[in-house]
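Please open the structure in a viewer and keep the selection tool at hand.

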Amino acid sequence: MNKIAYINNKAFEIKEGETILTFIRRHLGQNYVPTLCDAPNLEPFGSCRMCSVEVARPGNGALKTVASCHTPIEENLQIYPDSESVQHLRKNIMELILTDHPLDCLTCEANGDCELQDVAAQVGIRKVRYPEGRNHLDRPMDESHSYMRTDLSKCINCSKCVRACDEVQGEFVLSMAGRGFDSHIIKGLDTSFADSYCVSCGACAQACPTAAITDIYQSAAKHATDHTRTVCTYCGVGCNLEVASHGDSILSITAPYDAEVNQGHTCLKGRYAFRFYNHPDRLRAPMIRKNGKLEEVSWDEVYDFIAEKLNTIKSNYGPDAIAGISSARCTNEENYLMQKFIRAVVGTNNIDGCARVCHSPTALGMQRTFGTGAATNSIDDLKDTDCIMLIGANPTAAHPVTGAKIKQQIMKGKTLIVIDPRRTDLAKMAQHHLQLKPGTNVAVMNLMLYYILVEGLEDKKFIESRLDGYEEFRQQILNLDIARLERECGVDRNLVRDAARAYATAPRAMSFHGLGVTEHYQGTYGVMLIADLAMVTGNIGRRGVGVNPLRGQNNVQGAADMGVQPHQGPGYFDMHNEGYRHMYEEVYGVPMPERPGLKIPEMFEAARQGKLKALWIMGEDVVQTEPNTHAVREALKSLDLFILQELFLSDTANYADVILPASSFFEKSGTFTNGERRVQRVNRVVDPLPGTKPDGQIVVDIMNRMGYPQPEYDAAEMLKEIAQIVPFFKGITWERLGENGLQWPVAEDGTDTQILHTESFKIGKGRLYFVDYEESTETRENGAAFPYILTTNRELEHYNSGSMTRRTNDALIRGEDFLYMNPEDAAEKGIRDGEKVKLSSPRGSVSIRVKVSEVVKPGVLSSTFHFPEVMLNEITSSVHDTQAKCPEYKVVAVDVAREN
Amino acid sequence: MSKNLSHLSGRKGLTDNLFERIGELAAKTGSPSKEDLTKLAEEFLIRPASLYGTASFYDFTRPENKGKKVYVCNGSSCLVAGTQDELKKSIGTHIDTTEIGEMCCLGRCHENGAFHYEGHNYSGKSAAQLAGIIEREIQDGTDTYTVEAMGAEILTTPFPAWEEVTAQLRNLLQTPRETILDSIRQSGLRGRGGAGFPIGIKMQTCLEAAGDLKFVVCNADEGDPGSFSDRYILEQRPEWLLIGMLIAGYTIGAQAGVVYVRAEYPASIQTIRKTIAILEAKNLAGQHILGSDFHFQFKLIEAKGAYVCGEETALLASIEGQRPEVRVRPPFPATEGLFGKPTLVNNVETLANLYYILTHGGDAFAKLGRGRSTGTKLVSLDSSFRRPGVYEVDMGTPLQDVVEKLGQGFSRPTKALHIGGPLGGLVPVHKIADLTLDFESFAQQGFLLGHASVVGVPEDYPMVAYLEHLFEFTAHESCGKCFPCRLGSVRGQELLHKAQHEDYTIDPELFHDLLTTMEKGSLCALGGGIPLPMRNALAYFQDELRAYFKENQPVSTPKKV
Ligand SMILES: Cc1cc2nc3c(=O)[nH]c(=O)nc-3n(C[C@H](O)[C@H](O)[C@H](O)COP(=O)(O)O)c2cc1C
Ligand code: SF4
Ligand code: SF4
Ligand code: SF4
Ligand code: SF4
Ligand code: FES
C-alpha cells in the first residue's frame, strides 16, 4: 500500500523524504502555495514564511502552523494549505514586506516579471496599515559591472542570491551583513559588483525574486514573444539555455531549472556572452578574393566558383589534393554532412576536425584501453563519488558549470586530488595537489601505479574478472625507476604515494582530465595510464567512478562520433576495412575512398609541400589557434584554393580565397553531444542573419552543385540517416531527444546509457598498457637555450580564440592575455607586475603583459591565447603527441625578458 | 546557515577556529579590518564577504563597535530598576559619550547599575567608585548574592573531593554507554535552557547517528535579561558542568566538548578556563582519560554579543564562524550539528545535573519534582525582591513560596513578574498563587517557565513602555532571517512608540495581526515568543494600555479574512 497524507481532507500519495511543499506542488501544481525564499536549486531556507500551512498530526489533531518548504511530510498528516488562518498569515507577512519596499511597481523594471508582485497578487494584499516607519528605500543602485546590477532598495532579504552564490556557484561573493532589520546584502567587503570577486555566473540574478539583483538583460525579457530552449555553444558541458526573444532580437538568457545538465545554472559565457550574434562584425555576404581583395558576391557566384575550382583540382590532382576541416562548434548533422561531402562527393578521407588539437589522444587512448573513446560516466555521478581526481584540467575556468559542481562536492567533504602544474582554484581546495613539471603526467601516473601495486591496493577481483595482461603490467610497473620519475616530475614521492592511496582506497573514485593531459608529446599515453589507474583500482562500470574527459568544445564528442577523422567514418568504423566501406556505400550510393587520409598537421605539411591544393575549413581560426603560427601561415599561403566558412573575419581569413558567411547556433537547429555523451537538441531561436546560411545548408548546397543529390538541411531528417549508420545512435530520433537529450549508446527502443562498461568492455576485457615516461623533444632540444617552460591555460571569460566572447561585454571584464609568472622568477628577472615582457621561443617571440602570481611554480610560465593582439601561438611548438598527432600546447621551451 | 561554510570551517575545526580568529582580529580596534578579513578568508578557502557578514553581526565585532570603551547594561532588570540613566551620566563625566556602548544583561540583575569596562563587570556600589575604576585603580567588581536551596541540593551543593569524583568516573568509563543512557532517560531530565526537551532522547539520537566525529556543546550563552543562574554555575560550580559534559561525551561517543560562554560574563570565562586546565591536569580531559580509550577535549569559546546565539542552531553557526542565523530543522543538531557532525547541545544547568544522575541513579532524580518536571530548578530573583539571588527549588514548588520564603517579598511595589526571560510570560502579581514552579503549571496558566529568571516590573513602570522595550529588544536581537520577526519587531516597536509620543492610537486589529503573524510565522522562538508577554499584558493590564489603542479597545475580536 502506498503511504498517503491529506490535503484539505483529500488523500494523496506521499514520497519518502519530501517536504510538505514538494508534496503539495506535486499534486496541486507549482503555484498552489506561494513562496518567496524557495528555489528549485537551493536548500530549504525558511525565511519568508509565505509557504506556511496548517497541519494536524493523526490522533492528536491540534492544528499547527508550519512552513511547508522545510517541514518533512508525514504519513497521514492532515494539511490545510489555504485555511483562513493561513491566508490571513500570508497577507499579513506580505503587508510587513511592503512596509519596506518601494511601491512603484508600475515604473519598476521588473514589473510583470517579479515574484514579489505575483505572490502579492496571489495572497490578495490590500493596503498597508502600518504608519510609515524605518525603511531602506534610499539605498543607491550599483551599475559598476559589465553585466550585474543591484538596486537593493528593492531587496526583501530572502537570501536567495547569497545561497545561489554559495550553493550553486560556490563563489561566496555575496553575504548578508549586519543583523535584524539592518541586515543587508553585500558584495565582497561591501564593495561594488565590479570590485568584488564575482564571476558573473548570474545565478544570483536568476534567483532574485525582485529587481534587487539583476543583470543588464533581464528586464528586457518581459517583452519576449518567444522562449526557446537550446544548448550553449561554448563548452562541452552542454548547458541548456532558455532564450527569450522578440522577433529577431535575443533579449536575455536564463537557465532552465529542469535541465538535467545544468539545473538552473550557467557560466557567464552561456548566459551573457550572446551579443556576438548580431554584432556589426558578423559576415553578411559570401566573398571571393579578386585581385588580392575579398569582394562580396552572390551565393550563386560563390557556389559556382567553389564547385568549378574543386572539380578542376580533383581532375588535375586527384581527390586527395582536397581536404576539409570540420568544426566541433557545429551540430552533429553538419559535421556528418561535411564528412559525407569530403568522402562521398570529393572522394577522399582527408577530413579532420579541431578535436585533433584537443581530445584526439583521449579518443585514441580510451579506445585502446576500453574500446570506446568517450566518458565512461556522467557528471551526475559526482553526487555519489567519494574521491575526485582532476588531471590537467581547470574546470572552474574552462568547464565552469562542471567546475562549480566539483567544488560543491569538495566543499561537502569529498576528497580531491589535483594533478596540475598550476595552482588552480580547485587545487587550492584539494587535499592532494601534485604540482608537477609540465609534461610529466606519465611519470606521475606511473608513480601512482607503483605505490598502488606495491601497497597491494589494487582491486584483485576486478583485475581477475575484467582485465587482460595484468601480470606482465605489474612486473613492468614494479621495475620502474622510482627515483628517476620523482626527479623528472618534481613532486615529492610521498605526496604522490598519499594521493595514490586516497584514489585507490576510496570506495568510489572518479577521474576527470582535460587538455593538460592530451596536449602533450605523450598525450595518448597519459590518457592510457589514467585508464590503467581506473582499471587496476576497479573504478570502472559503476556509479561514481570512471574516466571522464572534460571535452573542450561544445560538440567535440559529436564531431568525432560523426566521422570527422581520417581513419574512421561515422560511428568509428575503420575506413580501411572493406566491409565497413561497403556499409557506407550502401547508404551513400557511391564508392568510398580507401586511401588513408590526412590529419590536420599532416594537411598543413602536405600544403607546404604543394601536395594539398584545396582546403575547406568550417568555423575554425587556425592561424590563432593552431600551434606554430608561422608554419600555419606558410601552409595556407601555399594552397590554390582556401575556403573559409566563418561568423567573423578572423586572422585566418587573411589567407582565404573564398569566405562563406555562416549562421550562428542561435540561427539553426541540430544536435550537440556533450562531454558525457548526451545528445541534445539545439533549437533555432532567431532566423539566420540576413546574408548568412547555416553551415549544414551551405554544405548541402555545394554537394548538390557538385552533382550529389542531397536534400535540404533538416536536423530531424539527417538524424534518421545517422541512426541508420551509427549503432549507438540507433534509437535516437528528434522527437525522442526531448528537452534533456539522451546519452549514447541509445538502444532501438530509446533506452539511453549513463554508465559504460558495466558488464564488459566493448573490446571484451580491458587492456592494461605500460608506457614509461619520456621527456618531450621540445624541452630536450630547446631546454638549454630556453630554460622556462610555458604552458597554456584558459580564462573563464573567453572561449578559445575568443572570436565570439571578445565581441561581448566579457571583453570589458578581461581584455587581454596575461603571462603568469612566479614572484621568485619575476624578482630574479627584475620584472614588475603589469609590465610587458618579450616572451621568446625557437619559433619567434611575442609581447605580453605579466601577472606576478603564485599560480605557477618558479621556472614555469602560463598564458592564454584568447587574443589576436598577442598571438601566443607564434611561439608554440610543432611537437605533437606521438600517437594522435595532437599538438603539444602545454610545454613550450621559452625565455622571457623585460622589454627594451 | 551554509553547509559549505560549515565544512570549510570544519576543515580546521576547533583547533584553528574561524570564529575565534575573527574575534582576535576584532580585539585590536573593536572590529576587524578589511585587509585582515581578506587574508583570513584566503586561509579558510572562502571569500571575505562571508567573514564580513559574520563580523558585522555581533555587538562586539561589528564596525559600530570600534572605539567603544565602556558598556552599560540595557537589560530589562537594569532598565526597570531605573539605574542606568544616572550611571551613563556619571560615566560620561569620565569618558567621551561616543565611547560608551551597551551590553544586554551582565547577570547583575540582583543589584543593577551594571556596566563593563576593560574585561571586568561592575554593578551596584561600583557606580560610586567610577573614578577609581576608570583610572584602573579599582578592578574588583565582584558581586555577592544569596544562594540557597529549598529542597534537594543538586546544583548548589559543594563539589566533592576530586578523589571521589575520579573514582566515580573510573566506574563510568567501565560502564556500557547504553546503561548510562538508560539511567539518564529514567531521570526524566528536561532541558533547562527554555524548551524543556528531554536530554535522554537527544543523547540517544546522537549515539545512534552515523559517524565517528561527534560533539557536546554547552550553551552557556545565558542571554535572557534577568537570569544569572547559569552564571552562578559557571562561576561557582563549574565542575558540575564540565564533568556533566564529560559524562555526556562518553555516553554519545563524542571527542570534544565546547563551552560557548557569553562575552558579557568575563568572570565565567575565567573560571571555565581554569577548571578546564584543572581537569586536564587530572587527566579528566584530553587523550586517554584516566588511562581509558576515551578522549575528550574541552574547548572554550567566547561569544561576541548576540542574544540569538543562545538559540542552538545559531550557536552552532556561531562556533563555525558563520553568521549566527537560525536554521531550519530537520536536520536537528543531534544528527547534523557542529561542522555538520552529530552534536548534543544543552544548557549549562541541564548538563550540570548529570553527575548527580550518574552517582544517584536516574530513579532518584525522577523522584524529585512533580509529574513530568523532574529534579530541581535554579531560579534567579532580581533586585525587585528583598532578598535577590539564585535559589534551587524542587520542580513543583509553589511560586508563592519562592517569592515569599526565598525572595522575602518585594523590595518595591511590583505589579507583574516577568518570568523566563523576555520571551516568558508576564505574570500579574495576583496570579502568583496559582502557579507552581514547573513546566506544566506555567504552560497551563498561559505563561512559560523558560529558564526561570524572575524580573519584577514595578508598579510605576508604564506597561506600554515595558512592551516597547520588549519589541525593541527583539528588534535589536533578531537575527533578521525570517520576515515576521525582522520586520514585525520593528513595526511593533514603532507602533508602541508612536502611541506614547504622538497623537496616534493603534488599530487593535493591526496589533493583533502583528502578534499572530510573529507567533505563527516566525522561524524561532524569538520572534515566535515575544507575543506571549504582549498578550499577557493585553489580558491583565488592559486598563493601563487602553489609552494607546483606537476606541480604547486594546483587545480586538478577530474578524473574518
Ligand atoms: C532566541 C533564543 C535564545 C535562546 N537562548 C538560550 C540561552 O541563552 N541558553 C540556553 O541554554 N538556551 C537558549 N535557548 C534554547 C536553545 O535553543 C536550546 O533549546 C537549548 O540550548 C537546549 O538545551 P536544553 O535542552 O538543555 O535546554 C534559546 C532559544 C532561543 C530561540
Ligand atoms: S553572478 Fe554568480 S558569482 Fe557573481 S555574485 Fe552572482 S552568484 Fe555570485
Ligand atoms: S537581492 Fe534579491 S535574492 Fe538577494 S536577498 Fe535581496 S531580494 Fe533576495
Ligand atoms: S560555456 Fe560551458 S559551462 Fe558555460 S554555459 Fe556554456 S556549456 Fe555551460
Ligand atoms: S524569529 Fe527572529 S531570531 Fe528567530 S529566526 Fe526569525 S528573525 Fe531570526
Ligand atoms: S518558501 Fe518556505 S519560508 Fe520561504
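This is a predicted model: local features need pLDDT of at least 70, side-chain atom pairs count only at pLDDT 80 or more; totals for chains, interfaces and linings use all residues.

**Stop 1: the domains of chain A**

Begin by colouring chain A by domain. Its divisions are domain 1 (4-82), domain 2 (131-272), domain 3 (287-358 + 555-743), domain 4 (360-549) and domain 5 (777-898). Next, select domains 4 and 5 of chain A, whose C-alpha centres are 26 Å apart. Their contact involves 22 residues of domain 4 of chain A and 26 residues of domain 5 of chain A. On the domain 4 side, at least two residues each come from α9 (360-369), α10 (395-398), α18 (515-518) and α19 (523-536) of chain A. That side comprises nine nonpolar, nine polar and four charged residues.

**Stop 2: the seven-stranded sheet of chain A**

Show the strands of chain A as a cartoon and find the open sheet with the order β15-β14-β26-β25-β24-β16-β17, seven strands in mixed pairing. Which strands stand at the edges? They are β15 (293-296) and β17 (351-353) of chain A; each has a single partner strand, so one side of each has no neighbour in the sheet. From one strand to the next, the twist averages 20°.

Strand β14 (residues 287-290) of chain A runs antiparallel to β15(A), and four bridges join the two. Select A:Met287 to see one of the bridge partners: in β15(A), A:Glu296 is paired with A:Met287.

Helix α7 (residues 299-317) of chain A touches β14, β16 (322-326), β24 (614-618), β25 (641-646) and β26 (658-661) of chain A. The direction of α7 makes about 130° with that of β26(A). Helix α8 (residues 332-346) of chain A also packs on the sheet, in contact with β16, β17 and β24 of chain A. Relative to β16(A), the direction of α8 makes an angle of about 170°.

**Stop 3: where chain B touches chain A**

Display both chains and select the interface: 46 residues of chain B are in contact with 52 residues of chain A. On the chain B side, the elements supplying at least two residues each are α1 (3-12), α3 (34-43), α4 (48-55), α20 (463-477), α21 (483-501) and α22 (508-521). Which of these gives the largest share? It is α21(B), with nine residues. The chain B side is made up of 22 nonpolar, twelve polar and twelve charged residues.

**Stop 4: ligand 1**

Centre on ligand 1, which has 21 residues around it. The closest are B:Gly191, B:Gly193, B:Gly310, B:Asn347 and B:Thr350. Colouring by domain shows that domain 3 (157-188 + 196-366) and domain 5 (463-552) of chain B each provide at least three residues of the shell. By class, the shell contains seven nonpolar, nine polar and five charged residues.

**Stop 5: ligand 2**

Move to ligand 2, around which there are 14 residues. Those that come nearest are A:Cys165, A:Val173, A:Cys198, A:Cys201 and A:Cys204. Both α4 (160-169) and α5 (203-207) of chain A supply at least two residues of the shell, and the largest share, three residues, belongs to α4(A). This shell consists of ten nonpolar, three polar and one charged residue.

**Stop 6: a helix pair in chain B**

Select helices α10 (residues 199-208) and α12 (residues 238-252) of chain B. Their axes come within 8 Å and cross at roughly 45°, and α10(B) and α12(B) are therefore oblique to each other. Show the side chains of B:Met203, B:Cys206 and B:Leu207 from α10(B), together with B:Ala248, B:Thr251 and B:Ile252 from α12(B), which make the contact. Five of these residues are nonpolar, one is polar and none is charged.

**Stop 7: local backbone features**

- The peptide bond from A:Trp744 to A:Pro745 is cis, with omega near 0°; A:Pro745 lies in the loop between β29 (742-743) and β30 (766-767) of chain A.
- From B:Pro330 to B:Pro331 the peptide bond is cis, with omega near 0°; B:Pro331 belongs to the loop between α14 (312-319) and β9 of chain B.
- B:Asn112, although not a glycine, has a positive phi of about 60°; B:Asn112 sits in the loop between β2 (100-103) and β3 (115-117) of chain B.

Technical notes
Residues are numbered from 1 along each chain as its sequence is written. Chains are lettered from A and ligands numbered from 1 in the order in which they are written. A residue is near a molecule or strand if its C-beta atom, placed from the backbone, lies within 6 Å of it. Ala, Val, Leu, Ile, Met, Phe, Trp, Tyr, Cys and Pro count as nonpolar, Asp, Glu, Lys and Arg as charged, and the others, Gly among them, as polar. Domain bounds come from an automatic or database domain assignment. Axes are lines fitted to C-alpha atoms, for helices over the stretch in contact, and angles run from 0 to 180 degrees between N-to-C directions. Angles under 35 degrees count as roughly parallel, over 145 as roughly antiparallel, 65 to 115 as roughly perpendicular and the rest as oblique. Two residues are in contact if their C-beta atoms, placed from the backbone, lie within 7 Å. Two strands pair if DSSP finds at least two bridges between them.
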